[in-house]
Amino acid sequence: MEFHHHGYVSTDPRVQPIAGIGKDRPAELPDEMDVLIVGTGPAGMITAAQLAMYPDVHTRIIERRPGRLEVGQADGIQARSVETFQAFTFANQLTSEAYHLTEMAFWKPDPQNPKNIVRAAQKVDDPQGISEFPHLIVNQARILDYFAQFMLNSPSRMTPDYGIEFLSLTDTGEGDYPVEVRVRHTAAEREGEERIIRVKYVLGADGARSGVRESIGLKLDGTQANHAWGVMDVLATTDFPDIRLKSAIQSNSGGSILLIPREGGHLFRMYVDLGEVTKERAGEIRKTTLDEVVERANEILHPYTVDVKHVAWNSVYEVGHRLTDRFDDVPADLTGERTPRVFIAGDACHTHSAKAGQGMNVSLQDGFNLGWKLGQVVSGRSPEALLSTYSQERQVVAQNLIDFDKEWSTMMAKRPEDFENPAELEEFYDKTFEFPAGFMTEYEPSMITGSTDHQDSATGFPIGKRFKSERVVRVCDTNPLQLGHQATADGRWRIYAFACDSTPDAPAGETSAIRRWAQWMDESADSPVNRFTAADEDRSALFDIKVTYQRKHTDFEVMNAPKIFTPEVGPYQVVDLNNVFSIHPDYDIFDERGISRDGAVVIVRPDQYVAHVLPLGAREELTDFFAGVFNDAD
């Protein structure tokens with residue numbers, strides 16, 4: 001964390017200097033604003049948190065509830081989400097209070113006595129070691145709290161507007177605020193009052209029964225899996241030995257349970273198989289009582305028992321896999337011709353089973369994807385065409401999720417004897433781990449994702465996939481750290497330069513490829529820094545540029561690094577020495593990530609996905625790429 005460059009800070013350094021709308025933020029929901037977000041679930045809150053870092057963009061987030069969520073239904077936090085929380089500065093805090101999922105047990109009928117269940121296998125949660133971040137279990141409400149705190153600490157000082165319900169919207173196509181949104185106050189003195197507010201853009205993150213989705217004529221299409229589950233968060237006494245270990249339990253009766261320990265050491269969640277559901281039985285199954293769910297759980301767990309003492313939350317649901325054909329208000333035949341004004345995210349545009357732990361995780365990435373794009377467009381930094389990439393990118397991801405979830409939820413509902421291979425369930429878990437962990441997303445080439453022409457310059461940073469961090473040493477203070485963890489959700493693009501085999505201390509008159517590249521970035525009118533950064537902004541306002549040398553940190557002096565890597569920042573224009581790195585003594589990033597020894601440039605989007613990989617000599621291609629992303633500075 002960097003601070004003090006705006007002046008001495010003796011209070012919480014996470015509270016950033018106030019700016020823009022934060023200086024005079026209206027306490028009440030105003031009549032006009034740039035962006036209106038409907039719904040304070042994961043998709044809405046992460047979008048708001050990202051937009052809070054654009055203080056010149058007036059964003060509001062409304063919620064019909066009178067206050068914060070108290071009991072969340074989602075609880076599984078995949079590694080990609082924890083990686084995202086790192087960018088929003090609260091990964092360490094959340095990790096300290098969460099349950100850490102490190103292994104999963106698989107229980108099946110005892111071959112000697114099929115009426116009983118026995119442990120058949122126990123698998124490591126991340127067998128390939130694809131992430132340095134853990135798989136966590138924690139209440140959704142806590143995650144929303146952390147995003148709310150990040151918003152409040154931001155330059156915008158954003159807070160949710162509770163007690164306001166979305167009713168309908170109309171895109172008039174007129175004026176600076178063309179979308180008219182009808183809302184109603186649901187709490188306090190103005191309860192029942194309806195009003196019209198005018199906005200530039202709307203995000204509907206208002207759940208599976210989304211009113212925003214309905215207002216733009218979209219429908220969730222798909223199928224029900226005709227299988228019902230009872231779910232409960234409980235405190236109980238039990239003799240089941242893996243009660244504090246995530247477990248997939250399949251019984252001889254055909255019923256199954258997915259057991260998930262909760263944070264805090266005592267609470268646990270059980271998804272209990274209630275069997276097939278016909279159309280005629282659908283209404284009946286939804287009336288299943290908690291006592292019936294507990295009785296069914298005990299049947300499946302035999303010879304073990306569970307005695308429920310307290311229920312924090314419970315529900316009965318049917319597995320459904322449904323998806324909208326687009327995530328914005330632009331008809332397919334007008335894509336590329338019309339600017340989207342209204343977007344949907346999370347359950348408003350994709351629903352699936354809860355057992356793969358994907359709902360909240362994929363919704364978070366929806367919001368992270370859209371937030372910075374809205375910020376750049378509304379602030380005038382990027383063309384409106386950038387907004388069309390949201391639906392193009394995220395609808396494909398949601399379809400892939402539903403395809404995966406259908407397979408996983410079907411396998412969880414199968415009888416043990418229906419598997420051709422007795423170990424099929426645990427083998428599927430091993431084989432597909434990277435998908436539910438959140439690391440299979442790979443965006444196609446677009447205005448913000450380049451071609452793979454130079455992918456061989458850094459094979460370990462696949463274009464279109466998230467930037468996979470690695471260990472390096474920060475030269476100025478000799479601290480070993482993760483390179484990717486230095487990026488925060490501040491809306492900036494990351495440019496990671498990897499030096500050829502040289503140091504900044506080259507003899508007088510000798511120039512290396514990295515020094516020539518750095519000089520061009522700093523001095524040429526054609527470089528992205530000079531072309532797109534306004535004259536009154538810090539040199540690092542749009543681009544966070546870091547360099548990693550192939551040498552050890554003791555082999556050169558940080559002060560000799562080119563100026564582009566040591567920019568002057570803040571009102572006092574102090575030199576930032578935190579962007580110069582060397583290889584870690586035990587983990588050479590060049591070897592670990594397949595980076596060419598001739599050097600490379602890796603461009604990373606604000607949402608942490610690799611946008612391009614280029615050799616150091618491809619300067620024109622670098623500028624051409626950003627010319628499609630940014631408007632020229634005035």
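Contact here means heavy atoms within 4.5 Å. All views show a predicted model.

**View 1. Helix α1 and the elements around it.** The buried residues run from Pro42, Ala43, Gly44, Met45 and Ile46 through Thr47, Ala48, Ala49 and Gln50 to Leu51.

**View 2. The largest nonpolar core.** This core holds 116 residues, of which Trp493, Trp517, Phe565 and Phe626 touch the most other members. Helix α8 gives the most to the core, contributing eight residues. A second, separate core has 26 residues, including Ile117, Ile243, Leu245 and Val277.

**View 3. Surroundings of Phe565.** Leaving aside residues up to four places away in sequence, Phe565 touches Ala497, Ile514, Trp517 and Ala518, together with Ile545, Lys546, Val547 and Tyr549. Asp576, Asn579 and Val580 are also in contact with Phe565. One of these neighbours, Trp517, is itself listed with Phe565 among the residues that touch the most other members of the largest core.

View 4. Asp634 lies in the segment after α14 (619–627). Its relative accessibility is 97%, so Asp634 counts as exposed, the cut-off being over 50%. Asp634 and Ala534 are 100 residues apart along the chain, and their C-alpha atoms are separated by 6.5 Å.

Note on methods: Residues are numbered from 1 along each chain as its sequence is written. This is a predicted model: local features need pLDDT of at least 70, side-chain atom pairs count only at pLDDT 80 or more; totals for chains, interfaces and linings use all residues. Side-chain values use heavy atoms; hydrogens and water are left out. Buried means under 20% relative accessible area, exposed over 50%, partly exposed in between (1.4 Å probe, protein chains only). Helices (H or I, at least four residues) and strands (E, at least two) are DSSP runs, numbered from the N terminus. A nonpolar core is a set of buried Ala, Val, Leu, Ile, Met, Phe, Trp, Tyr and Cys residues joined through side-chain atoms within 4.5 Å.
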